[in-house]
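Please read the points below with the sequence and the structure open beside them.

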Amino acid sequence: MVQVRLADAGDLHMTWTWARGAQGFGTGYTPGPDVDEAVRALAAELPGGGTEGMRRAFESSALASSEEERRLSRMLAEVLWPPGLTDQIRQVSARLGRPLMRLQPSPRVAQVPWELLAVDGGDSDVRLMDLVDIATTAPASLRRAGATPTGEDPGSDAVVLVLDPRVPGFRADSPLGSVLGQPGSDPALLSLVQRRLDAGTVVPSVASPAEAFRRTDLDRDRLGEALRKGARRLMYVGHVSGAPVEGGQSEDVTLHLCCGPQTTGLAEPVRTHRPLSAKDLLLGTLPLRADGVPGAQLWPAPPRVALIACESGGDLRFAESFGLATAMIHNGAHLVTATRWVLPTSFAFHRLAGLPESVRPLTEAVVAVDAAHEDRDPVRHLGAWQRQQLDRWRTDGRIEHSPLLWAALTCIVR
């Protein structure tokens, strides 16, 4: 394993240290102006919010063109990645097999899809993910709340599924509407829920797989009740609203459940809905009343959490990371799979890229994350799926295999 840390100090500084059977270390350095230029170039290619931001991603983004994406990935590697570390990775791989890289990004480069970096230069298309499995490391200052377990055995087989909950006050075709489409219309998603039913307990309980989607009763109280009973996993697929990085308040990022406007919470209502903020998850009701309860007691996180929503891992872009992913780790999670940028839905692929309705890239990503979280090594499992997607992208360059969606996913660990 190699631990890589990046730090912003005007310029970008990198250090790495090998462990677990391998020895060595090294340092890297990139001038600040070069980093800023590379980050701006990447940001211009990422999907944006709203219809126009997503349309631009499909019509002109480098991530939607195999040739342009390779050019972008080479540029990012030339600026951000030290060749000496690539050489060490190859040496370790030859002796010990594929290593694990735990990479702690600085805020400035938190959206970089490190997996995609073309690290060999020239005409080679060797990507970093071809050589290593990659996990994103949460800030070292992050601490779990209270006496949380150190192992991954939660003492429960329950899997909490929050799949496309209905947000009060928003129609299915509105900005906070459905992300997975009509309940019961997607065979792969129905099979996913059925597998979880066959394997153990699905919470909240359902009589049939279709009932797990677009629920109207999954508010923060129901979620907290389910988590306090114990669970081994939580999977959320829905909407996350990010906070502006320039504001510096990562705790203001919100997750959308079925909470009405009268729900107790720290975020301001949106129409007839009060979102659940990262601040809620961290502080609970402590700021609201004298007998308040901290968030880790109201919403204790299971060992593995998936937050499949727009920029759900965006808190790492802030100097002080107190967003949803880090809040889940603070509340007990060992691993959180989240996203670096705005995700296109399958409907966006249908409408903006002309794919048939039978092709559902977001569904494929949800199924892949679910399978990874059932595996003994979720980081390696998810990385293997992403490499499959990359191989398809290299082979045919089809938009459904583009990194627009799958490269946004990352596993964040403590």
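**Notes on a predicted model**

1. Asp164 is found in the loop between strand S6 (159-163) and H6, where helices (H or I, at least four residues) and strands (E, at least two) are DSSP runs numbered from the N terminus. This is a predicted model, in which local features need pLDDT of at least 70 and side-chain atom pairs count only at pLDDT 80 or more, while totals for chains, interfaces and linings use all residues. Residues are numbered from 1 along each chain as its sequence is written, and side-chain values use heavy atoms, with hydrogens and water left out.

2. Most residues other than glycine have a negative phi, and most peptide bonds are trans. Asp164, although not a glycine, has a positive phi of about 55 degrees, and Asp164 counts as buried at 0% relative accessibility; buried means under 20% relative accessible area, exposed over 50% and partly exposed in between, with a 1.4 Å probe and protein chains only. Arg271 also has a positive phi, near 55 degrees, but Arg271 counts as exposed, at 57% relative accessibility, and its place is in the loop between S10 and strand S11 (276-277).

3. A cis peptide bond, with omega about -10 degrees, joins Val203 and Pro204. Pro204 has its place in the loop between strand S7 (202-203) and helix H7 (220-228).

4. The loop between S6 and H6 also holds Ser174, which counts as buried at 19% relative accessibility. The C-alpha atoms of Ser174 and Gly230 are separated by 34 Å, and these residues are 56 residues apart along the chain.

5. Two packed helices are described by the angle between their axes and the distance between the axes. For helix H6 (residues 187-199) and helix H12 (residues 361-374), the axes come within 9 Å and cross at roughly 20 degrees; axes are lines fitted to C-alpha atoms, for helices over the stretch in contact, and angles run from 0 to 180 degrees between N-to-C directions. H6 and H12 are therefore roughly parallel to each other, given that angles under 35 degrees count as roughly parallel, over 145 as roughly antiparallel, 65 to 115 as roughly perpendicular and the rest as oblique. H6 passes H12 in a left-handed crossing, a crossing being left-handed if the near helix is turned anticlockwise from the far one by less than a right angle, and right-handed if clockwise.

6. Which residues meet where H6 and H12 are in contact? On the H6 side they are Ala188, Leu189, Leu192, Arg195 and Arg196, and on the H12 side Thr363, Val366, Val367, Asp370 and Glu374, where contact means heavy atoms within 4.5 Å. The residues of this contact of H6 with H12 divide into five nonpolar, one polar and four charged; Ala, Val, Leu, Ile, Met, Phe, Trp, Tyr, Cys and Pro count as nonpolar, Asp, Glu, Lys and Arg as charged, and the others, Gly among them, as polar.

7. Arg196 forms a salt bridge with Glu374, with the closest N and O atoms 3.6 Å apart; a salt bridge is a side-chain nitrogen of Lys or Arg within 4 Å of a carboxyl oxygen of Asp or Glu. Arg196 lies in helix H6 and Glu374 in helix H12, so the pair ties together parts that are 178 residues apart in sequence. Arg196 is buried, with a relative accessible area of 9%, whereas Glu374 counts as partly exposed at 30%.

8. By this rule the count comes to 31 salt bridges. In one of them, Arg90 pairs with Asp120, the closest N and O atoms being 2.6 Å apart. Arg90 lies in helix H4 (residues 83-96) and Asp120 in the loop between strand S4 (100-104) and helix H5 (128-131), so the pair ties together parts that are 30 residues apart in sequence. Arg90 counts as partly exposed at 36% relative accessibility, and Asp120 counts as partly exposed at 35%. Glu69, Asp125, Arg127, Asp130, Asp391 and Arg394 are linked in a network of salt bridges.

9. Helix H2 (residues 50-60) and helix H11 (residues 346-353) pack with their axes 10 Å apart and at an angle of about 65 degrees, which makes H2 roughly perpendicular to H11. H2 passes H11 in a right-handed crossing.
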